Amino acid sequence: MQQNEIAGLWRRRAMAAMPWLGLGVFFLLFYLLYFSPTLLQGRYLAPGDGEVYYLPFFDLPIGQIWNSSILSGYSVISDIQSQMLYPLRWLSPSFNALVVYAYVVSAMGMFGLALKLTGSRMGAMMAALVVSGSGFMVGHLGHLSIIHAAAWIPAMLWAVASLRHARSEWPVILGAVAVAMSVYGGHPQVSIIGLLLAGCYGLSEIGVVARRYGAKRCWGVFWRLSALFALGLMLAGPVLLPLAKASSDGVRTSWSILDFNTFSHTLGALRLLAFPNLYGAYPLGPFGSYTGPWNITELAIYAGILPWFLAATAFLAWRRDRSHWFWGAAVLLGILLCMGTDGPLGGFVYELPVLGKFRAQGRFGIVVIIALGVLSAYGMSALWRASWSRARMLRLLAVCIGLAVLAVSTVALDPDSPLNRRGEDGSALWMHPHGWAPLLLIVLSIVVMALLAWKRSRSMALLAMALVVVDLGSFGWLYEWRYPSATSTDQAMPRQVSKAIAEIARGQGRLLPLGAAKMGMEPLRPNINMRHGIDSVVGYGPLLPARYATYAGVDTTGGFPVDDPSAPIMDVLGVRWIAGTPQKAFPQPLGRGCGVSVAPNRLRVKVPAGLKIDTLRVVSHMNCSVGIGNGRTMAQLKLLDAQERVIGEALTIDAGEEIAEEAYDRDDVRSAIQHRRPTVAQSKPASLWFLGELQVDAEVAEQAPTRIEMSVADTGGALVTIDSVAAIERGTGRVQALAVDPEPSGGMLGPKRHVAGMTPFSERLKFRGLTWGVCKAAQASKDDVVAALMSGAYGGQNLAFDPFATVLLADGEAVPALSCTAPPHVEVIKRRHGAWKLRVKGNGNLLAVVSERYHRDWTARVDGRKVPVLAANGLIMAVLVPAGEHVVELKYRPVSYRIGLGAAACALLVCLVLLLWGASRRTAARRSKSNLSSNK
């Protein structure tokens, strides 16, 4: 009897799951069809960062925690956006499948949430389409971590909504899974926003329960809600704890309020809520290039027109409870938060300990989208449940028309609106898709609303859903994922490219790609190099370690400051290959600023023979310079003769006169800038270049300078970027562009290799391997170490630095007693990602040096005995080895990761106990019920 009951129970559960399985298949097929223009061509759904960042990480083996292919070694487990522990990544047969899964999960979760709140399948389907197909989800398609972190928020809210009436353990367990999956999805900012929304909704539910059912049941909901979040965060422990450490060690440990406000909505940008293509969208699409507030990917929160009308319906007609008021408040609050410091809440959010450390406040748009989706479901349910009187329908249509007039007037009445300008053909832009398409959709939405209120039928509901799909598609189906570059196809590489890649990968050295951010989508570009087994000294991504940025001068886009192949940093980082031309080119950043050390601080420009200069014309700008006052000298120009002697006095580029902040005209920046706006040379979206004209003394011009040396010193935390230098010839007024003076390689590079489809590359002839031994160590300050790495000299006495003879240790770090007198022998026995095994032999105590980025979680053993790992030359690792022959092993073993695994295991155990306890309780209840029936 008991076995039959259990079998019957499982059959009933299977039958109950079938509709949900069918719904999942429907959404999967829907989004496969939606993205079919790219999928059928065999291309990746990976525009922008998708191809450069997420696709390379997708190819890494599951479980890898350290990768040696970028940044001279990188803690992959600390980079939550790599999604290394994300279960859906493990279950995805391809990258495109993982992208599509985000939209299916979002739609399923939203359907469940809306169905739980309204009881209307039509309303739930509308909500699912609105949220999963919204501008936020499709606009961020290239940000795989954002769409996956956001996709699980509706499921999280669904679990919270189920706590009011359900007393079983399932809402707690499934909610905890949704919390963990949102975190594992990879974007902490979006996950935190989702957690805050779910937490606020949970508190509102507790208030409802307290009013309706009393304090006892209220406390029950409170404890289940607390358990839901606690278990979810514990399940996410393996990524949360390493992330916390990596964030504190990264270059983004602190943001100015201007950084915080980047990618936030202004009042003008909020017009995108009704006119998603107002400023354009993508160059290859029908709306042309985007020219509005920067940038459309971060500001895209379009949810269609009809959902706003349905939301109004919810407030006019929903009578079952007052829960829709929470979601209405969420829409309003989400819009205010999207505005950053342009809104009333931005300053408060900036001061918060975690949330205030993220930029891109436009990402609060996910709150607007989800809340609007819920209100759409309420509106559909209200229309579906009761017939409407003529007066009520007229009142509803009046509200819809009023909202439409308000939306159109924000564009039509603004003289600076893009739609009030003239196109290239002289016609008003109202006559182009930017204008007539949203107007047509507004009119159709009003008509459909009238039909829905007039005639309740399945066909009318389906018509409304079809209109929403088309409406959302007017932005999402025409956005950048439709137009991937030709190089993004995963075609078989030409034989010569494969041969070159294999040669570089076998070389046991690293690649330095110069101008990495401007390289095409090729095997040598970071992080694409990871897909081909090529080790690189740079990388692309937000979690750049601050130590590496300080000592090596790299930035988050893959920029590297040194192109001199003889610089000691090349030996320290094991550079064997240099891709690109080893010389500086415009635009050229100078100095240190914006959170990273960007060396060098000097640029040389070549002057053609016989050119007599009357005026130097310099186009430049600054970043992170709002606090720089008028008149501060940001750069000096010295004219040199053929003997490298300075001619005359130095010319200066001063803030507010020849140079200014790049983002000077941005609404969220202008009021904070403390210097004037000089003459603008050229203007781009959210970027200005300024013109400085420097008069050259006639006597100096007669001495025929051959070079101009531009240099910066203390820039006050600003970054100076030179875009171009030109000379106006004396007498003729002819303007001649001046080129960067290349610095000779001094015979340090082999012949340049040209392979079609790849940036030209050369072998660095001085390369001596990734491991070596030294017999001398010394202390040095951070600045001295940087100077030694860049120029080979350090200290007040200008001491020579040879990385193969000396290791520089940070001030305060004990210098080990070294006694070897002959160069030690270091042999690599085995090397893999996150592990080295060496055989070291020396005639005295020595330091075995390994050219792999230092991290506190590396451990070392000499013949099985644990020894400390030292930070050598600020960047790499060294291990003290006694005289004789020894085996040295280094392994990356992050403590935080192991603690996180323990927390996740405890959470899984608690979930299992809850399931067993719930099953036993239900079994006891069935037996009790069966006994009562038998007694009767």
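Is Leu-21 buried or exposed? Leu-21 is exposed, because its relative accessible area is 53% and exposed means over 50%. The views below come from a predicted model.

**View 1. A nonpolar patch on the surface includes Leu-21.** Leu-21 sits in helix H1, which covers residues 2-34.

**View 2. Four strands build an open sheet.** Read across the sheet, the order is S6-S12-S8-S9. The pairing is antiparallel. Strands S6 (602-606) and S9 (646-654) stand at the edges. Each has a single partner strand, so one side of each lacks a neighbour in the sheet. Neighbouring strands here are turned by 20° against each other on average, direction ignored. What holds strands together in a sheet? Strands pair through backbone hydrogen bonds, either parallel or antiparallel.

**View 3. Strand S6 meets strand S12.** S12 spans residues 707-711. Five bridges join S6 to S12, and the two run antiparallel. Look for Leu-603: opposite this residue stands Met-710 in S12.

**View 4. Asn-623 makes a polar contact with Glu-662.** Asn-623 belongs to strand S7, residues 613-623. Asn-623 counts as buried, because its relative accessibility is 16% and the limit for buried is under 20%. Which side chain does the side chain of Asn-623 contact? The partner is the side chain of Glu-662, at 2.4 Å.

Note on methods: Residues are numbered from 1 along each chain as its sequence is written. This is a predicted model: local features need pLDDT of at least 70, side-chain atom pairs count only at pLDDT 80 or more; totals for chains, interfaces and linings use all residues. Side-chain values use heavy atoms; hydrogens and water are left out. Patches are made of residues with over 30% relative accessible area and no salt bridge: like charges are joined within 9 Å, nonpolar side chains (Val, Leu, Ile, Met, Phe, Trp, Tyr) within 5 Å. Accessible areas come from the Shrake-Rupley method with a 1.4 Å probe; for residues, only the protein chains shown count as cover. A salt bridge is a side-chain nitrogen of Lys or Arg within 4 Å of a carboxyl oxygen of Asp or Glu. Buried means under 20% relative accessible area, exposed over 50%, partly exposed in between (1.4 Å probe, protein chains only). Two strands pair if DSSP finds at least two bridges between them. Axes are lines fitted to C-alpha atoms, for helices over the stretch in contact, and angles run from 0 to 180 degrees between N-to-C directions. A polar contact is a pair of N or O atoms within 3.5 Å; within protein, one must be able to donate a hydrogen and the other to accept it, and residues adjacent in sequence count only if both atoms are side-chain atoms.
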